[in-house]
Amino acid sequence: MRLGVISDTHGNEVNTRRAIVLLDSLEVDVVLHCGDIGTTQVASLLGNCRWQTHFVLGNTDYDGRSLAAAIRSAGMEFHDQFANLKFDGVRVALLHSHDATKFAQVTTNGDYKLVCYGHTHTKKIERVGETLVLNPGALHRANPHSLAIVDLPTLEATIIDL
């Protein structure tokens with residue numbers, strides 16, 4: 001199974017479209033959005049894709065109610081601030097990381113094999129014990145813009161610049 005991981009779109013439709021084309025070419029099965037979605041248009045763009053997308057809110061997603069409605073009406077998964085997911089036998093935490101206490105908890109408690117987060121606009125792959133901790137970078141206010149791919153169950157992660 002192949003996960004696509006994006007974050008911090010901040011309503012940037014041009015880069016969201018570029019990411020969609022790249023994710024499609026990489027034949028992802030599921031996409032995880034790590035927050036700071038920005039606009040309902042971003043949710044709609046991802047709703048038109050062949051894969052399921054899971055979303056969490058970030059610290060600048062001020063209109064969470066409208067975003068939740070757009071995500072759900074497009075048939076995708078809305079998880080508010082945190083998602084506890086499981087794919088191919090691998091437990092995955094999805095959050096934005098602006099809640100430092102929650103972020104520290106999920107990266108160190110050993111409950112998750114993969115933690116995907118955003119907020120910092122800085123791409124990063126690291127191991128904390130047995131947990132792979134991944135920030136795909138950002139599709140807005142980053143240079144370069146980037147996303148990540150994770151192959152499961154092997155937990156092989158790659159960050160790709162747009």
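**Loops, cis bonds and salt bridges in a predicted model**

Let me start at one residue: P153 is found in the loop between β10 and β11, where helices are DSSP runs of H or I with at least four residues, strands are runs of E with at least two, and both are numbered from the N terminus. Before I go on, please keep in mind that this is a predicted model, in which local features need pLDDT of at least 70 and side-chain atom pairs count only at pLDDT 80 or more, while totals for chains, interfaces and linings use all residues. Residues are numbered from 1 along each chain as its sequence is written, and side-chain values use heavy atoms, with hydrogens and water left out.

What is the peptide bond from L152 to P153, cis or trans? That bond is cis, with omega near 5°. A cis peptide bond also joins N143 and P144, with omega at about 0°, and P144 lies in the loop between β9 (131-135) and β10 (146-151). As background, most peptide bonds are trans, and most residues other than glycine have a negative phi.

That brings me to the backbone angles. R141, found in the loop between β9 and β10, has a positive phi of about 50° although it is not a glycine. H10, in the loop between β1 (2-6) and α1, likewise has a positive phi, near 50°.

Now to the charged side chains. The protein has 14 positive and 18 negative side chains, and the centres of the two sets lie 1 Å apart, where Lys and Arg count as positive, Asp and Glu as negative, and His and the chain ends are not counted; each charge is placed at NZ of Lys, CZ of Arg, CG of Asp or CD of Glu. Side chains of opposite charge can pair when their charged atoms come close. If we call it a salt bridge when a side-chain nitrogen of Lys or Arg is within 4 Å of a carboxyl oxygen of Asp or Glu, the count comes to five, and I will describe some of them.

E13 pairs with R17, the closest N and O atoms being 3.6 Å apart; because these residues are four apart in helix α1 (residues 13-25), about one helical turn separates them. E13 is partly exposed at 27%, and R17 is partly exposed at 42%.

R50 and D24 meet in a salt bridge at 3.0 Å, N to O. R50 lies in the loop between α2 (40-47) and β3 (52-55) and D24 in helix α1, so this pair ties together parts that are 26 residues apart in sequence.

Finally, D161 and K123 form a salt bridge with their closest N and O atoms 2.6 Å apart. D161 belongs to strand β11 (residues 156-161) and K123 to the loop between β7 (114-116) and β8 (124-128), so parts 38 residues apart in sequence are tied together. D161 is partly exposed at 39%, and K123 is partly exposed at 35%.

Note on methods. Buried means under 20% relative accessible area, exposed over 50%, partly exposed in between (1.4 Å probe, protein chains only).
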